[in-house]
Amino acid sequence: MAPGAADAPAEEKADLSSVCFYDGVWINAYGPPGNDADALAYLRQSPFWDAGSANEALAQRQVTGAPPPSPADITALAASQGLAEHRVLRSQPPHLYVVQKREHGRGCGADGRPVEQLYCLDGVAYMCPSAGAVVGSRITRAAFHLSEALSLLSGEADEGGSTALQSAARAEADVSADAAARRDFALSAARDAPPPADEAQALEHARVAALLQGALEAVDKAAEQKQAANDDAEVTAMEV
């Protein structure tokens, strides 16, 4: 051992909680990840990937054109050599993948121990949000919408005007604001994600993945609902 090696500080792990990853070159070349193996191959390019994992060891041994290693093979190698593994917990191809990094070794149990978890949402990868980040973000958004509603009601009382047009405008604003809030909540919370501390928190993170998918669906529907509100307002104005 070199002199002073025992006293050398351990290399500090980079904080990736505020990092997002998107590889447009990979997406253009291969398309969005269509299955779990594709999602892991995509995340192999990201800063979240562990170069010392069992996934990487098997990927380097893989012959060109051969099928990717199975999840069972990856777990078996990780368990036998005490390596980390990246595992897809849940997926909704091609949009959403919940990927967990698990450590194997002494004290980690037969199936390993979760240490990190992230979402890959339409090709954009984020560390997963904690339960605290989810609750805090929802409270902030709820307070914002309450303030906007009170301001709108106050404006109607002061200015008067066509009830039908105001109702249509309010419906349009509510739809757009709600869709934007869902999207912003999903993406901002994901940037502040600490690793899960235990199995229960890892399951909670997986549940929050459904909220991310709901955010995307809300954004997709917002444009249709906005157009419908505009059409209804025009018809009502013509009748009046």
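Start with the aromatic pairs: this predicted model holds 3 of them. Rings of Phe, Tyr and Trp (its six-membered ring) pair if their centres lie within 6.5 Å, and planes under 30 degrees apart are stacked, over 60 edge-to-face, the rest tilted.

Select Phe21 and Tyr42. Their rings make a tilted pair, 5.4 Å centre to centre with 55° between the planes. Phe21 sits in strand 1 (residues 20–21) and Tyr42 in helix 2, so the pair ties together parts 21 residues apart in sequence. Helices (H or I, at least four residues) and strands (E, at least two) are DSSP runs, numbered from the N terminus. Both Phe21 and Tyr42 are buried; buried means under 20% relative accessible area, exposed over 50%, partly exposed in between (1.4 Å probe, protein chains only).

Next, click Trp26 and Tyr30, both in helix 1 and about one turn apart. Trp26 is buried at 12% relative accessibility, while Tyr30 is exposed at 62%. Phe21, Trp26, Tyr30 and Tyr42 form one aromatic cluster.

Now select the largest nonpolar core, 17 residues with Tyr42, Leu43 and Tyr97 among those with the most contacts inside it. Such a core is a set of buried Ala, Val, Leu, Ile, Met, Phe, Trp, Tyr and Cys residues joined through side-chain atoms within 4.5 Å. Helix 2 gives the largest share, 4 residues. Apart from this core lies another of 6 residues, including Ile74 and Leu83.

Numbering runs from 1 along each chain as its sequence is written. Local features need pLDDT of at least 70 and side-chain atom pairs 80 or more, while totals for chains, interfaces and linings use all residues, and side-chain values use heavy atoms, leaving out hydrogens and water.
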